[in-house]
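Subject: Structure for your review

Dear colleague,

Please find below the structure that I am handing over to you. My notes on its pockets and its aromatic residues follow.

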Amino acid sequence: MVAAGGCAEGDPAVHMAADRFAAQMRWVAARYRVVPLGDLVARLASGGALRSLAAITFDDAYAGVFAHALPVLDALGLPATVFVVADAVRDRRTFWWDRPEVVASATPERRERWLTAARGDGAAIAPGHAPADAEATPGALRPADGRTLREWLGRRVEYGVHSATHRSLPTLTDDELFYEVVRSREIVYETTGVRPAFFAYPYGRWDARVRATVAAAGYRAAFTLDPGLNRAAADPWALRRVNVPAAISPAAFEAWTGGLQARR
């Protein structure tokens, strides 16, 4: 998510200052041909040339993406895809990883338990979290509402699905997985009038069963957080992405964008 200035609240690994993001996007615009995600997926499927081709994606559909990030891209003429957590658009609860008590207690070991034993379920990880708590959260850190999503349609922005509740999909039952993959798409359609073609795995976590469910649901492609660049003939339901940490330096950002992180 992109916030105006520094962001004193929320997961510090997730929330990037708007001026840092703007500098990154100016660099990308000067060196890459940024295309809609559908164009990139079509090029992958056809075996077309991919050199210097890029697509921009955002997960979770934070309000701050629409308030601070998309205006930067709009000014540069760059398209983007925003992956929406379907239920979050309706209740606008703060995501569990942004809750102060979670930020204060997070460690790599605890995070792994939260994503396995607790299944990435905010109700289990932050059980005291009530809808009213979201009112105290800065607006940029809350999920965007349906009106905001609709206002950006037709402005070089398209929507994908990022599940219904942002639980860790490999830990779910088949019925739960159906809701996260299939019903979530219908909710986004009901909200925006657009039926998304692409899916992004929450937390980047997926397995063969999850992949098969997404493919069977009719999505054109799905996106992981596995690092690296995509080559021709890449599995369309396990595509890689360059995940940009909020505090990354300009030099590291340029290296990661070129795929050096994966080779290292």
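In the second largest pocket, α4 and α7 (122-125) each supply at least two residues of the lining. Please note that this is a predicted model. The largest share of that lining, three residues, comes from α4. The second largest pocket has a volume of about 390 Å³ and is lined by 19 residues, with Asp91, Arg93, Gly122, Ala123 and Thr165 nearest its centre. Sorted by class, its lining comprises nine nonpolar, five polar and five charged residues.

The largest pocket has a volume of about 1600 Å³. Its lining is made up of 50 residues, of which Thr57, Arg241, Val242, Asn243 and Val244 are the closest to its centre. Several elements supply at least two residues each to this lining, namely α1 (18-31), α2 (37-46), β4 (53-54), β5 (57-59), α6 and α11 (250-257). The largest share comes from α1, with four residues. By class, 29 nonpolar, 10 polar and 11 charged residues line the largest pocket.

I turn now to the aromatic residues. The structure holds 15 aromatic pairs. One of them joins Trp27 and Tyr32 in a tilted arrangement, at 6.0 Å centre to centre and with 55 degrees between the planes. Trp27 counts as buried because its relative accessibility is 15%, under the 20% limit. Tyr32, at 22% relative accessibility, counts as partly exposed.

A further pair is formed by Trp96 and Trp114: the ring centres are 5.6 Å apart and the planes stand at 75 degrees, so the pair is edge-to-face. Trp96 belongs to the loop between α4 (86-91) and α5 (100-105), whereas Trp114 belongs to helix α6 (residues 108-116); the pair therefore ties together parts that are 18 residues apart in sequence. Trp96 is buried, with a relative accessible area of 5%, and Trp114 is also buried, with a relative accessible area of 15%. Both residues belong to a cluster linked by ring pairs, which consists of Tyr62, Phe95, Trp96, Trp97, Trp114 and Tyr203.

Finally, two arginine residues lie over aromatic rings. The charged end of Arg155 sits over the ring of Trp152, 3.7 Å from the ring centre. Arg195 lies over the face of Tyr189, at 4.1 Å from the centre of that ring.

With kind regards

Note on methods
Residues numbered from 1 in each chain as written. Predicted model: local features only at pLDDT ≥ 70, side-chain atom pairs only at ≥ 80, totals over all residues. Heavy atoms only, no water. Phe/Tyr/Trp six-rings, centres within 6.5 Å; stacked < 30°, edge-to-face > 60°. Buried < 20%, exposed > 50% of the residue type's maximum accessible area, 1.4 Å probe, protein only. Lys NZ or Arg CZ within 6 Å of the ring centre and 35° of its normal. 1 Å grid on protein atoms, 1.4 Å probe; cavity = no way out; pocket = protein on both sides within 12 Å on 5 of 7 lines; lining within 4 Å. Points joined across faces, edges and corners; volume = space filled by probe spheres on them. Nonpolar A, V, L, I, M, F, W, Y, C, P; charged D, E, K, R; others polar.
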